[in-house]
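Biologist: Before I rely on a model like this one, I would like to learn how to read its features one at a time. Could you take me through them with care?

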Amino acid sequence: MSGKDFSQFLSNKDNQSIQDSVKKSIDPNLFINEQTLKQIEIETNKHFWINYFTQSIVTTLVAPLTTIYTSLQLSVIPHQNKYGDLAEESGTKTSTQLVKTTRDIQPHEKRKFELLIKSGAVGSNKPFRAPIYTTYREAVQGLINQGWQAFYKGNLIGIIHLLTNSHLKIKLLSDLDFKLGVMWHEGNQLLRQATILGLATVSDILSNPFMLFQSRFILQNRLPNFYLYKNLLSAFKKHVRHKKDYFQGSTTYLYKNCLIFFVQVPIQFSKKLEQFQMIYLYLSYNLISYPFLTILRRLHCQSTLPGMIPIRYSGPIHALRLITQEEGIKGLYRGFGLYLIGSGLLQYAMFGTQIDQGDF
């Protein structure tokens, strides 16, 4: 689940709901002076913090769904035969085969072998390789074998990314709104929407390092001796000499936001968004953004480091073409069902209910 939906910023629903709540808590008879402006700022900040708190809680609740569908997105099916050992080791070994394998193992390798068996790793799903799941069941089983904490891998980083991305977008848009005033609202609408697109893309790129490490934490095996990153700080330190790694795959945001803009901009000029129009905005956003999210996750995780996806894609367009050729459209939408559920719950919590001061 990445930050605020671009379509919601285009429609200004988020800012409008906060403005309406602020107006209710401000005495309309007051003159607009320094004290009033300060009161408005306090009330606005309060509603923003309520908004952020709600996002954090809901994101934590849907974290298992995020981990499962992201694991499916990061499963590169053509890599099943990449290592040349799948045919020999695929399938579940019988107890006799396991006993024979155990006898052949050296004493100093026994601990490693036990971890290998515990992880449920067979064929290409070895703990020092990027796992490959073809179904929801396989993904769930693979995570269960790593312990219940595996369903929350990268959750804290995901929350940091969500809040950072949301704050950047709101801050940039509100500052521009304040500086331009009437010109911003009554000027050329197409230019206004294009500006919003640019600011949203800038916010996505600036917060990309957090999403990148969320993807990698979800992909890595969390069992001892096999994880790549111990925590977020160690992850940043590991790449400090190659800072461009922090923005790996970030050009994907530009393609995604441009496509969403051209698909949704006609309906944005409607004076009043009817229910079917809101449904169109929601579905079109998710249907367009999910394939790009799959591409982005894979670009985030391709690396020469152990446990990551071997380098395969040269960029977003090449990834789109290669995934479509090798895995079909289904490869771009693997895990989409759980994503839609998680996204729907987050949207309902944020915009389907009215958050007033009395609720907290």
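Modeller: What follows takes up confidence, then salt bridges, then a helix and the surface.

Biologist: How much confidence does the protein carry on average, and where does the pLDDT fall below 50?

Modeller: This is a predicted model, and the protein averages a pLDDT of 76, with 70% of the residues scoring at least 70. Over residues 26–31 the pLDDT is below 50, and beyond near neighbours in sequence that stretch has six contacts in the model. Residues 119–124 also stay under 50, and for them the model has 21 contacts beyond four places in sequence.

Biologist: How many salt bridges does the structure hold, and how should I read one?

Modeller: The general idea is that side chains of opposite charge can pair when their charged atoms come close. The structure holds five salt bridges. One of them joins the side chains of Lys-169 and Asp-204, at 3.3 Å from N to O, and this pair links distant parts of the chain, with Lys-169 in helix 9 and Asp-204 in helix 11, 35 residues apart. Lys-169 counts as buried because its relative accessibility is 5%, and Asp-204 is buried as well, with a relative accessible area of 6%.

Biologist: Which residue forms a salt bridge with Asp-175, and where do the two partners lie?

Modeller: In general, an α-helix has 3.6 residues a turn, so residues three or four places apart point the same way. Here Asp-175 forms a salt bridge with Lys-171, their closest N and O atoms being 3.8 Å apart; both lie in helix 9, four residues apart, about one turn of the helix. Asp-175 is partly exposed at 30% relative accessibility, and Lys-171 is partly exposed with a relative accessible area of 43%.

Biologist: Which residues are joined with Arg-298 into one network?

Modeller: The side chains of Arg-298 and Glu-327 meet in a salt bridge of 2.8 Å, N to O, which links helix 15, where Arg-298 lies, to helix 16, where Glu-327 lies. Salt bridges that share partners join Arg-298, Glu-327 and Arg-334 into one network. Arg-298 counts as buried at 0% relative accessibility, and Glu-327 is buried at 10%.

Biologist: Which residues of helix 8 are buried, and what covers them?

Modeller: The buried residues of helix 8 are Ala-139, Gly-142 and Leu-143. They cover an arc of only 95° around the axis, which puts them on the same side of helix 8, and what covers them includes helix 4.

Biologist: Which residues make the nonpolar surface patch?

Modeller: Phe-53, Ile-57 and Leu-61 make a nonpolar surface patch of about 330 Å². Leu-61 is found in helix 3, and Leu-61 counts as exposed because its relative accessibility is 64%.

Conventions. Residues numbered from 1 in each chain as written. Predicted model: local features only at pLDDT ≥ 70, side-chain atom pairs only at ≥ 80, totals over all residues. Heavy atoms only, no water. Buried < 20%, exposed > 50% of the residue type's maximum accessible area, 1.4 Å probe, protein only. Helix = DSSP H or I, 4+ residues; strand = E, 2+ residues; numbered from the N terminus. Arc of directions from axis to C-beta. Contact = heavy atoms within 4.5 Å. Patch = residues over 30% accessible without salt bridge, like charges linked within 9 Å, V, L, I, M, F, W, Y side chains within 5 Å. Areas by Shrake-Rupley, 256 points an atom, 1.4 Å probe, with all protein chains shown as cover. Salt bridge = Lys/Arg side-chain N within 4 Å of Asp/Glu carboxyl O. pLDDT = per-residue confidence, 0-100.
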